[in-house]
Amino acid sequence: MNRIILDIAIVGAGPAGCTAALALKDSGLRVGLIDQARFPRDKTCGDAVAAYVPKVLATISPALRDAFQKIEERQPVNICRVVAPNGTALDFRFSDTGNIIKRIHLDNFLFNQAIAQPHVTAYCERRVTNVKQVSEGWEIETPQELFFARLIIGCDGAQSVVSRKLSDGRLLPDNYSAAVRGYYAGVTGTAPDVFELHFIDGFELGYFWIFPEVDGTCNVGVGGLSEYIAKKSINLRGLLQELISTHPTISPRFSRAHLLSEIKGFGLPLGSRKIPISGPGWMLCGDAAHLIDPLTGEGIGQAMVSGRYAGWKAAACFSENNFSADFMKAYDQQVYAKFWSSHRKSYWLQRYLAPRFWLFNRVANWAHRFPVIHRWIQRVIL
Ligand SMILES: Cc1cc2nc3c(=O)[nH]c(=O)nc-3n(C[C@H](O)[C@H](O)[C@H](O)COP(=O)(O)OP(=O)(O)OC[C@H]3O[C@@H](n4cnc5c(N)ncnc54)[C@H](O)[C@@H]3O)c2cc1C
């Protein structure tokens with residue numbers, strides 16, 4: 001079997017892995033980006049990219065941010081429409097513009113940017129089956145090659161092999177969500193700059209979404225907490241189709257719509273519990289580090305921020321020749337300082353609202369009538 005020697009092995013070339021590789025630019029280190037897929041590849045997602053993502057890229061290189069702004073498949077959005085269970089819609093306008101970008105395009109953009117760096121070599125269609133600590137580093141097993149690296153960064157998503165081997169990668173149902181999505185054409189009542197979150201009676205720990213793509217189609221999905229879905233025996237695909245065909249305010253908007261894709265589902269490891277995300281010679285980023293917002297289900301931005309921190313930390317490990325657990329701990333602190341309090345807020349907000357859906361309707365009605373309450377919600381919650 002081929003043996004490939006690297007300084008840093010990044011397992012997974014999604015937003016976390018590619019950002020980690022990009023953050024290592026100018027490090028002079030041999031970085032291997034190992035992924036089981038061949039790019040371009042799709043990833044089941046809502047495609048909503050947080051407004052702060054261009055700023056994250058700019059901290060690596062302003063040219064990277066400029067290249068991101070030129071992605072043609074990017075649909076800018078700056079209004080979040082929250083629809084209460086009683087149908088009352090509230091619009092919240094953001095000063096910073098977010099984007100809806102099909103993951104096939106976003107991830108391919110990041111992948112191409114990463115592999116354009118002379119220090120990065122991509123190893124695609126390599127499924128990592130095991131990682132093993134050996135003297136002075138790691139052995140990373142794939143069916144084709146055995147990689148050896150001084151440092152490993154696990155960016156291999158929700159089902160992370162690296163997280164299971166090196167940390168507490170258990171997917172606990174009260175800290176894990178599931179969601180399904182499909183692409184639809186012909187949905188009415190949408191606006192290009194508005195992304196919609198609909199809260200549904202009888203589905204208290206989740207929501208239904210309609211996100212506009214630049215080509216006029218919509219990413220439509222539904223997701224919620226796994227523990228709740230299991231307890232109520234909810235079939236998410238069935239729920240999506242039921243909402244589209246029978247829900248009083250949603251279904252009329254789909255009367256002439258048609259499905260363009262399969263309805264696909266995937267899991268979301270939530271950032272509502274802390275797991276160790278570093279140790280001697282290793283770090284985890286993105287979904288592998290369980291960093292998804294428990295309320296909104298957003299994880300792309302977190303993946304990129306953690307990937308960037310991990311890239312920077314990895315460069316420091318080499319320049320200071322320090323791969324100890326103590327030295328790596330600063331990475332955990334940096335990531336959790338950034339996300340832990342907002343993820344806890346999301347977690348408690350969801351748990352508080354779920355048994356009080358009537359309150360949701362009432363507050364939405366008040367906010368609809370009194371702009372001061374509307375503004376207060378925007379300030380406090382969003
Ligand atoms: C239905 C759904 C809707 C969502 N909607 C949104 C949204 O609108 N906005 C948002 O911000 N977030 C959303 N998320 C969450 C978001 O998709 C993730 O947080 C994000 O993809 C995390 O990026 P990542 O790089 O950590 O992992 P991924 O994007 O999953 O990338 C992991 C990479 O690792 C590779 N890999 C996996 N296992 C191995 C292996 N053993 N060997 C080699 N390679 C491997 C995969 O091929 C993949 O390329 C949604 C998730 C779901 C499921």
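User: Is the crossing of α1 and α4 left-handed or right-handed?

Analyst: Left-handed. Keep in mind that this is a predicted model.

User: How do the axes of helix α1 and helix α4 lie, and at what angle do they cross?

Analyst: An angle under 35 degrees counts as roughly parallel. Here α1 (residues 15-23) and α4 (residues 103-115) cross at roughly 25°, with axes that come within 9 Å, so the two helices are roughly parallel to each other. On the α1 side, the contact uses Pro15, Cys18, Ala21 and Leu22, while α4 brings residues including Leu110, Phe111 and Ala114. Sorted by class, that's 7 nonpolar, 1 polar and 2 charged residues.

User: What about the axes of α2 and α3?

Analyst: Those come within 5 Å and cross at roughly 145°. Among the residues that meet are Val53 and Leu57 in α2, and Leu64 and Phe68 in α3. That contact divides into 8 nonpolar, 1 polar and 1 charged.

User: On to strands. Which strands does β4 pair with, and in what sense?

Analyst: In a regular strand, side chains alternate between the two faces of the sheet. As for neighbours, β4 (residues 75-83) runs antiparallel to β5 (residues 89-100), joined by 8 bridges, and Val77 sits opposite Gly98 in β5. With β11 (residues 194-200), β4 pairs in the parallel sense over 5 bridges; there, Ile79 faces Val194.

User: How many residues lie between β4 and β5 in the hairpin?

Analyst: There are 5, and Gly87 in the turn has a positive phi of about 95°.

User: Why is β4 largely enclosed?

Analyst: Because 7 of its 9 residues are buried, β4 is largely enclosed by the rest of the structure.

Methods
Residues numbered from 1 in each chain as written. Predicted model: local features only at pLDDT ≥ 70, side-chain atom pairs only at ≥ 80, totals over all residues. Heavy atoms only, no water. Axes fitted to C-alpha atoms, helices over the stretch in contact; angles between N-to-C directions. Helix = DSSP H or I, 4+ residues; strand = E, 2+ residues; numbered from the N terminus. Contact = heavy atoms within 4.5 Å. Nonpolar A, V, L, I, M, F, W, Y, C, P; charged D, E, K, R; others polar. Parallel < 35°, antiparallel > 145°, perpendicular 65-115°, else oblique. Left-handed = near helix turned anticlockwise from the far one by under 90°. Buried < 20%, exposed > 50% of the residue type's maximum accessible area, 1.4 Å probe, protein only. Pairing = 2+ DSSP bridges.
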